[in-house]
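Work through the exercises below with the model open. Each task comes with a stepwise solution.

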Number of protein chains: 2
Amino acid sequence: MKFSPLLNELIQALTCLPGVGNKSAQRMAFHLLERNRKGAIDLSNMLHNAMEHIHHCKRCRTFTEDELCEICRHPEREASGLLCIVESPQDVLAIEQTLSYKGQYFVLMGHLSPIDGVGPEEIGLNELETRFSAGGIDEVILATNPTVEGEATAHYIAQLCAAHNVEASRIAHGVPVGGELEYIDGNTLTHAFSGRRKL
Amino acid sequence: MKFSPLLNELIQALTCLPGVGNKSAQRMAFHLLERNRKGAIDLSNMLHNAMEHIHHCKRCRTFTEDELCEICRHPEREASGLLCIVESPQDVLAIEQTLSYKGQYFVLMGHLSPIDGVGPEEIGLNELETRFSAGGIDEVILATNPTVEGEATAHYIAQLCAAHNVEASRIAHGVPVGGELEYIDGNTLTHAFSGRRKL
């Protein structure tokens, strides 16, 4: 015997959330039923709404419910001629929070990973090429993650940039501000040395 | 700047789940949007359905979409004259999985906790008394958790049973099967000794 059929189905449905197994789903279901039915109804409506209306921005591929996202609609950002390429919308948020970058973005929604069947087309590189051809971009800043896949993706896009005569740069990798040298891994230190700047 | 308004609302709505903060909610929202829109729609429907149809069993107070839950509808269980009192529907599941108990249940949906405003009425003890008065119960097995509140609740219900001339018993507390004595806490060991049985 298990819980009532409907309750089992709810628990099953909750396991579609990442990092939520059967036990957590049970806990969530009981919590919602017992203490927060209104929250659950709100969540239900919001999930429905979001899945129906949120899609990719036509221009930068981030998630938005409009045709173009807020950043792509900004005329000053378009005039900057800067295009920052990141892996995910969360990366856009992180960069925006620094308040130091005033250009546009292109969100790959992943990275090249041939083993998982993610090729250039899956991360929107044909759209990126169309944008290069349309002109208006002076410099591409490659801000993919400093992982093996992220580096490979950056390298691939740098070649695309070269083919379209667009300048490409990679964000600096080195010792994080506030970090202590003795705790930094060798690979990062090597990057910090090779990327040193004249004072 | 943050994500698009609708996406922010979805992230906010997801934090109604227990143990889900802002970062996890972000991860969940992006996972659903990017990889499992069908799962999200199913979850939305299921949440709506469950919140609409699941209520407390009229008899044992567990969660069910029917008037009486499956266990309460069982004629053999009613004939047994046994009533096991537990704190939550999960406890019912745990006991059912042992396949060794064939009586009915009464689910308190919590425990006495005056400091949180949970008194006898909130855990359905007036309904329990009505059941005692109606007769048909020979023995009450108190299976609340062996915590301070659980013990207090068991003690309170034992007094109710005495008032209604219903026999009450408490499940045994002692060394778990497969446990090693040297790792068992002193309190449990004391219980194990005081609850020893003649061989």
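**Exercise 1. A helix pair in chain B**

In which hand of crossing, left-handed or right-handed, does H1(B) pass H2(B)? Also state the geometry and list the contact. The model is predicted.

*Solution.* 
- Step 1. Take helix H1 (residues 5–14) of chain B and helix H2 (residues 22–35) of chain B; their axes lie 8 Å apart and the packing angle is about 120 degrees.
- Step 2. That angle makes H1(B) oblique to H2(B).
- Step 3. The crossing of H1(B) with H2(B) is right-handed.
- Step 4. H1(B) contributes B:Leu7, B:Leu10, B:Ile11 and B:Leu14 to the contact. They meet B:Asn22, B:Ala25, B:Gln26, B:Met28, B:Ala29, B:Phe30 and B:Leu33 in H2(B).
- Step 5. Sort the H1(B)–H2(B) contact by class: nine nonpolar residues, two polar and no charged.

**Exercise 2. A helix pair in chain A**

Which residues of H6(A) meet H7(A)?

*Solution.* 
- Step 1. The axes of helix H6 (residues 125–134) of chain A and helix H7 (residues 148–163) of chain A cross at roughly 30 degrees and come within 11 Å.
- Step 2. H6(A) and H7(A) are therefore roughly parallel.
- Step 3. H6(A) passes H7(A) in a right-handed crossing.
- Step 4. A:Leu125, A:Leu128, A:Glu129 and A:Phe132 of H6(A) meet A:Tyr156, A:Ile157, A:Leu160 and A:Cys161 of H7(A).
- Step 5. By class, the H6(A)–H7(A) contact has seven nonpolar residues, no polar and one charged.

**Exercise 3. The largest pocket**

How many residues line the largest pocket, and which lie nearest its centre?

*Solution.* 
- Step 1. The largest pocket holds about 510 Å³ of space.
- Step 2. Its lining has 20 residues. Nearest the centre are A:Phe30, A:Glu34, A:Arg35, B:Ser88 and B:Gln90.
- Step 3. Two elements give two or more residues to this lining: helix H2 (22–35) of chain A and helix H6 (89–97) of chain B.
- Step 4. H2(A) supplies the largest share, eight residues.
- Step 5. The lining of the largest pocket divides into six nonpolar, eight polar and six charged residues.

Conventions:
Residues numbered from 1 in each chain as written. Chains lettered and ligands numbered in written order. Predicted model: local features only at pLDDT ≥ 70, side-chain atom pairs only at ≥ 80, totals over all residues. Heavy atoms only, no water. Axes fitted to C-alpha atoms, helices over the stretch in contact; angles between N-to-C directions. Helix = DSSP H or I, 4+ residues; strand = E, 2+ residues; numbered from the N terminus. Parallel < 35°, antiparallel > 145°, perpendicular 65-115°, else oblique. Left-handed = near helix turned anticlockwise from the far one by under 90°. Contact = heavy atoms within 4.5 Å. Nonpolar A, V, L, I, M, F, W, Y, C, P; charged D, E, K, R; others polar. 1 Å grid on protein atoms, 1.4 Å probe; cavity = no way out; pocket = protein on both sides within 12 Å on 5 of 7 lines; lining within 4 Å. Points joined across faces, edges and corners; volume = space filled by probe spheres on them.
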